[in-house]
Amino acid sequence: TLTIAGNGVLGNGAYVGAVAVSGVLNFSSANLIGQNLLGPIAGAGVISHNSAGSPWLYMTNSMTAFTGRFISAASTMYIGCVPGASPTGATLQVDGGIVYIGHNGAAGGTWAIGSLSGTGGTIMPNANTGIAAGYVLQAGALNSNTTYSGILRDSGATKPLSFTKVGSGTLTMTGTNSYSDCVDIFHLAF
């Protein structure tokens, strides 16, 4: 298990073991090569991606034990998980870049986050798989009042994105969204 209790910085490469984050794990790559975190992720810390350019941060395992915050400020972040293991107790703050969501090796389904906020960027289904299926992005189980000013959009005709707001908090969306369907708009403001 890789444990980040203070502040840690990842460069590039791949790590296949479990990751426990209680501090701040920041991805920053000067050589434009991405980082793969392939093991389960847990903890209440922060996972941040703020590299400009084209490097990606790719996470692909169980995230049910992660109750911290994902922050995307630039470039590309893929927050994938095994089906049924979404980070429902975590928050997603998108201030820039592209955040891809999805399930590894599975066609579509619901991908859930506890809270959604941020000042910009784009959230969309993972476009880099051969699976032609969309996702339902579900947000709000943490019952917090947040604003998201970025964009929710489809990844082409074969990978649509639907959106469901759950929980008692209010999510205000001010971006120009182009997703396929708003499944449930309870406590959702535009």
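Reader: Is Phe66 buried or exposed?

Author: Burial is judged from relative accessible area, and a residue counts as buried under 20%. In this predicted model, Phe66 has a relative accessible area of 0%, so Phe66 is buried. Phe70 is likewise buried, at 0% relative accessibility.

Reader: How many aromatic pairs does a search of the whole structure find?

Author: The search finds one aromatic pair. Its members are Phe66 and Phe70, with 4.8 Å centre to centre and 50° between the planes. Planes under 30 degrees apart count as stacked and those over 60 as edge-to-face, so this pair is classed as tilted.

Reader: Which residues touch the most other members of the largest nonpolar core?

Author: In soluble globular proteins, nonpolar side chains tend to be buried together. Here the largest nonpolar core has 34 residues, and those touching the most other members are Ile47, Met59, Phe70, Ile79, Leu92, Ile123 and Leu137. Beyond four places in sequence, Leu137 touches residues including Ile101, Trp111, Ile123 and Phe163.

Reader: Where is Met77 found, and what is Met77 in contact with?

Author: Met77 is found in strand E11, which spans residues 76–81, and is buried at 0% relative accessibility. Leaving aside neighbours within four places in sequence, Met77 has contacts that include Ile47, His49, Met59, Phe70 and Tyr100. Met77 and His49 are 28 residues apart in sequence, yet their C-alpha atoms are 7.1 Å apart in space.

Methods:
Residues are numbered from 1 along each chain as its sequence is written. This is a predicted model: local features need pLDDT of at least 70, side-chain atom pairs count only at pLDDT 80 or more; totals for chains, interfaces and linings use all residues. Side-chain values use heavy atoms; hydrogens and water are left out. Rings of Phe, Tyr and Trp (its six-membered ring) pair if their centres lie within 6.5 Å; planes under 30 degrees apart count as stacked, over 60 as edge-to-face and the rest as tilted. Buried means under 20% relative accessible area, exposed over 50%, partly exposed in between (1.4 Å probe, protein chains only). Helices (H or I, at least four residues) and strands (E, at least two) are DSSP runs, numbered from the N terminus. Contact means heavy atoms within 4.5 Å. A nonpolar core is a set of buried Ala, Val, Leu, Ile, Met, Phe, Trp, Tyr and Cys residues joined through side-chain atoms within 4.5 Å.
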